Amino acid sequence: YTSSPFVKPSSGVASRAPSTSLSAVGKKDSYSVTLLPGDGIGPEITSATVGALNALTSHTSWSINFKESLIGGAALDATDNKDAFPDSSLEECRKADSILLACIGGYKWDNNPREARPETGLLKMRSEMGLFANLRPAKVLPQLIGASTLKPEVITGVDIMVVRELTGDVYFGTPKGIDVVDGERVGYNNMIYKESEIRRIARVAGEVAMKRGGKICSVEKSNVLDVSQLWKEVTIDVMEKEFPKIDLSHMYVDNAAMQLIRYPKQFDTIVTGNIFGDILSDEASMLVGSLGMLPSASIGSSGPGVFEPCHGSAPDIAGEDKANPLAMILSAAMMLRYDLGRGEEADVLERAVEMCLDEGWRTGDIKQEGDGCTLVGCKEMGKKVEAAIEKCMA
Ligand SMILES: NC(=O)c1ccc[n+]([C@@H]2O[C@H](COP(=O)([O-])OP(=O)(O)OC[C@H]3O[C@@H](n4cnc5c(N)ncnc54)[C@H](O)[C@@H]3O)[C@@H](O)[C@H]2O)c1
Ligand SMILES: CC(C)[C@H](C(=O)O)[C@@H](O)C(=O)O
Ligand SMILES: [Mg+2]
């Protein structure tokens, strides 16, 4: 399709996200994809994404078979609040070629005990499936320059890949809990990284950066934290021995949070731990214009990857047909490229998203007053993407 005059080479969000040697199942005639719609806006954006993928595969010789599974609050509701990621879902995920996840969480489950929270299901999935690397590209599209709260000259041309470690850090460290000590409650979590965990995420960052600008900024807090000191030492060692061409720099996370706003163009690839990556990637979404535009790929050293927007279940707009489905659709493009070995079709999907933006369709999160664009809902945005795909494939 890239030979079609209509399909310009994509400059899309995920297209600068190079495939790594991780996860890919490669080309097949028929792929099985497990869908995890989850909670809140999840079912709405999933439906738009499946519509876009079906529009795409109606023109290809290969197909995708979708099977839905439960995660998050939806799984808690179905299991009498027992499990936010039941074994049946894990099995479905393990045997699929790839997995598309929307988002989890919501007010209804916010007061559940930790083990019965939707978030616990998401963490269980990442951990059980060994998805230690989370790639979160933040590429500013020219069509959305006005959607950011930052000045155009600060964000034009920004193209950052956040490589976030996903199965370690305070998220998983033990001991953890809330105990009573000396008559008062004390809450604690443990920020912990093994050398091997740092080494493998540094390797992913090296691989990713070699296919991008060749520059890595490792973000930590080694001026204060021992775990960050180890992070820094191991990262330096990996780059010196395995990626000598990489231009490696180091930044404390507090400074990085500031620099991302001050001069984001200084960054190419950022490698960082789980909690810092979580925070910095949400921050980076405002360079792009909206959290509703940020896709991600969660991958491990083998088995299927999970492709998921960076945002949550947006309970404030759930069920109102207001959600932006583009982050999930762009996550599907990452799935095509990384897991399914279908880079050309991933280009088409990204190009279709850009065409919709060129045509002026905007969900509320990316609509500006006086921008001359047309406000659409989640469903309609999905249909516009489908129509753009038809034009691309014609
Ligand atoms: N990966 C995930 O599933 C994930 C990620 C983050 C938060 N969460 C969960 O989601 C719930 C809500 O968390 P939160 O409010 O802090 O974060 P959120 O990402 O759900 O929402 C933050 C803000 O961004 C908006 N937003 C997010 N995605 C959008 C989209 N696609 N289109 C338009 N607007 C969008 C929301 O309306 C809200 O105003 C919590 O239960 C949280 O734990 C889940
Ligand atoms: C919901 C939560 C567990 C999750 C995280 O912290 O990783 C979310 O914020 C994300 O970014 O995917
Ligand atoms: Mg987050």
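## The buried side of helix α12

In α12, the residues Cys 378, Met 381, Gly 382, Lys 384, Val 385, Ala 388, Ile 389 and Cys 392 are buried. Viewed down the axis of α12, these buried residues fall within an arc of 160°, so they line one face of the helix. The structure described here is a predicted model. Helix α12 covers residues 378-393, and its 16 residues should span 22 Å at 1.5 Å a residue; the C-alpha atoms at its ends are 23 Å apart, which agrees.

The buried residues of α12 pack against α1 (42-57), α10 (326-338), α11 (343-358) and β13 (361-362). Two of these partners, α11 and α1, are taken up in turn below.

## Helix α11 against α12

Two packed helices are described by the angle between their axes and the distance between the axes. For α11 and α12, the axes come within 8 Å and cross at roughly 120°. The two helices α11 and α12 are therefore oblique to each other, and their crossing is right-handed. On the side of α11, Val 348, Arg 351, Ala 352, Val 353, Met 355 and Cys 356 take part; they meet Met 381, Lys 384, Val 385, Ala 388, Ile 389, Lys 391, Cys 392 and Met 393 in α12.

Helix α11 itself has 16 residues and reaches 22 Å from its first C-alpha to its last, close to the 22 Å expected at 1.5 Å a residue. It is mostly covered, with 13 of its 16 residues buried. Asp 347 is found in α11, and it counts as buried because it has 24 C-beta neighbours inside 10 Å. The C-alpha atoms of Asp 347 and Leu 336 are 9.2 Å apart in space, while the two residues are 11 apart in sequence. Just after α11, Gly 360 takes a positive phi of about 95°.

## Helix α1 against α12

The axes of α1 and α12 are 9 Å apart, and the helices pack at an angle of about 10°. Helices α1 and α12 are therefore roughly parallel to each other. Their crossing is right-handed. From α1, the contact is made by Glu 44, Ile 45, Ser 47, Ala 48, Gly 51, Ala 52, Ala 55 and Leu 56; from α12, it is made by Cys 378, Lys 379, Met 381, Gly 382, Val 385, Glu 386, Ile 389 and Glu 390.

## Helix α7 and its two sides

Helix α7 (residues 226-242) has 17 residues and reaches 24 Å from its first C-alpha to its last, close to the 24 Å expected at 1.5 Å a residue. Its buried residues are Val 227, Ser 228, Trp 231, Val 234, Thr 235, Val 238 and Met 239. They cover an arc of only 130° around the axis, which puts them on the same side of α7. Among the elements that cover these buried residues are α6 (195-210), β8 (215-220), β9 (247-252) and β10 (269-272). The face of α7 turned away from the buried side carries the exposed residues Asp 226, Glu 240 and Lys 241.

## Helices α8 and α9

Helix α8 (residues 253-262) and helix α9 (residues 274-288) pack with their axes 10 Å apart, at an angle of about 10°. That angle makes α8 roughly parallel to α9. The contact is made by Val 253, Ala 256, Ala 257 and Leu 260 of α8 and by Phe 276, Leu 280, Glu 283 and Ala 284 of α9.

## Loops and backbone features

Met 191 is found in the loop between β7 (184-188) and α6. It counts as partly exposed because it has 17 C-beta neighbours inside 10 Å. Leaving aside its neighbours within four places in sequence, Met 191 is in contact with Asp 169, Val 170, Gly 173, Leu 225 and Val 227. The C-alpha atoms of Met 191 and Pro 175 are separated by 9.8 Å, and the two residues are 16 apart along the chain. Pro 175 lies in the loop between β5 (159-165) and β6 (177-181); the peptide bond from Thr 174 to Pro 175 is cis, with omega near 0°.

Asp 80 has a positive phi of about 55° although it is not a glycine. It lies in the loop between α2 (73-78) and α3 (87-95), and it counts as exposed because it has 8 C-beta neighbours inside 10 Å. Asp 321, likewise a residue other than glycine, has a positive phi near 55°. Asp 321 is placed in the loop between β12 (306-307) and α10, and with 15 C-beta neighbours inside 10 Å it counts as partly exposed.

Conventions: Residues are numbered from 1 along each chain as its sequence is written. Chains are lettered from A and ligands numbered from 1 in the order in which they are written. This is a predicted model: local features need pLDDT of at least 70, side-chain atom pairs count only at pLDDT 80 or more; totals for chains, interfaces and linings use all residues. Helices (H or I, at least four residues) and strands (E, at least two) are DSSP runs, numbered from the N terminus. The expected span of a helix is 1.5 Å times one less than its number of residues. A residue is buried if 20 or more other C-beta atoms lie within 10 Å of its own, exposed if 12 or fewer, and partly exposed in between; C-beta atoms are placed from the backbone. The arc is that of the directions from the helix axis to the C-beta atoms. Two residues are in contact if their C-beta atoms, placed from the backbone, lie within 7 Å. Axes are lines fitted to C-alpha atoms, for helices over the stretch in contact, and angles run from 0 to 180 degrees between N-to-C directions. Angles under 35 degrees count as roughly parallel, over 145 as roughly antiparallel, 65 to 115 as roughly perpendicular and the rest as oblique. A crossing is left-handed if the near helix is turned anticlockwise from the far one by less than a right angle, and right-handed if clockwise.
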